Amino acid sequence: MPASVCVTIVTHNSQRYLEPCLRSVFDQTHRPLEVAVVDNASADGTREILARFGGRIRMIRNSRNAGFAAAQNQAIAASRSDWVLVLNPDVALQPDFVHRLVESAEVDGEVGTVCGRLLSAGRDLNPLDRPLIDSAGI
C-alpha cells in the first residue's frame with residue numbers, strides 16, 4: 001500500500017485562495033490522502049468555504065489567531081499519516097504533485113523530508129503561460 005499523506009493548511013482570512021487550493025488538493029492522484037485545516041479565527045468567509053468541504057477535511061477552529069507555527073503544529077498533531085505536506089492556502093497543486101513527492105521520498109528509507117518547486121501563478125492560482133520557478137524549496 002502506498003504511504004499515506006496528510007495535507008495540513010493553516011488559514012486566516014484566506015477566502016480569496018482557499019477554494020482553488022482545496023480543489024487542487026482533492027484532485028491529487030495519490031491515495032490515501034487526508035486533509036487537516038486549522039482556521040485561526042477567520043472573519044472573511046473562510047469558514048463558510050471550509051464548511052462546503054464538510055467531511056472531507058479534519059477541521060480545527062481556533063477562537064483566536066494562534067499564529068502560523070502553533071496552528072501548523074495543531075494540524076500536524078491531528079494527522080494519522082506517514083507523511084505530512086505543509087501547504088499554504090494560496091497554493092494550487094498539480095494533480096500528480098503529492099504522488100511525485102512520495103515517490104521521491106521512498107527512493108531511500110533515510111529520507112526525512114522532500115519538497116517541490118514553487119511555480120509563480122496568476123491571481124487566480126492558475127499557472128502562468130510560461131512556467132517561472134519562484135523557489136525550489138527551503
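This is a predicted model: local features need pLDDT of at least 70, side-chain atom pairs count only at pLDDT 80 or more; totals for chains, interfaces and linings use all residues.
User: What makes the contact of Arg47 and Asp39 a salt bridge?

Analyst: The N to O distance is 2.6 Å. The cut-off is a Lys or Arg side-chain nitrogen within 4 Å of an Asp or Glu carboxyl oxygen. The pair meets that cut-off, so it is called a salt bridge. Arg47 is partly exposed, at 26% relative accessibility.

User: How many salt bridges does the structure hold?

Analyst: It holds 4. Another one of them joins Glu19 and Arg52, with the closest N and O atoms 2.5 Å apart.

User: What does the pair of Glu19 and Arg52 tie together?

Analyst: Glu19 lies in helix α1 and Arg52 in helix α2 (residues 46-52). The pair therefore ties together parts that are 33 residues apart in sequence.

User: Why is Arg52 called exposed?

Analyst: Its relative accessibility is 54%. Exposed means over 50%, so Arg52 qualifies. Glu19 has a value of 25%. That falls between the 20% and 50% limits, so Glu19 is partly exposed.

User: What about Asp96 and Arg100?

Analyst: They form a salt bridge, with the closest N and O atoms 2.7 Å apart. Asp96 is partly exposed at 27%. Arg100 is exposed at 53%.

User: Which strands stand at the edges of the sheet, and why are they called edges?

Analyst: The open sheet has 4 strands in the order β3-β2-β1-β4, with parallel pairing. β3 (58-62) and β4 (83-87) each have a single partner strand, so one side of each is left without a neighbour in the sheet. On average, neighbouring strands are turned by 20 degrees against each other, direction ignored.

User: How do you know that β2 and β3 pair?

Analyst: Strand β2 (residues 33-40) and β3 share 5 bridges in the parallel sense. Pairing needs at least two bridges, so they count as paired. Val37 stands opposite Met59 in β3.

User: Which helices lie on this sheet?

Analyst: Among them is α1 (residues 15-26), which touches β1 (5-11), β2 and β4. Its direction makes about 160 degrees with that of β2. Helix α4 (residues 97-105) lies across β1, β2 and β4, at about 135 degrees to β4.

Technical notes: Residues are numbered from 1 along each chain as its sequence is written. Side-chain values use heavy atoms; hydrogens and water are left out. Axes are lines fitted to C-alpha atoms, for helices over the stretch in contact, and angles run from 0 to 180 degrees between N-to-C directions. Contact means heavy atoms within 4.5 Å. Buried means under 20% relative accessible area, exposed over 50%, partly exposed in between (1.4 Å probe, protein chains only).
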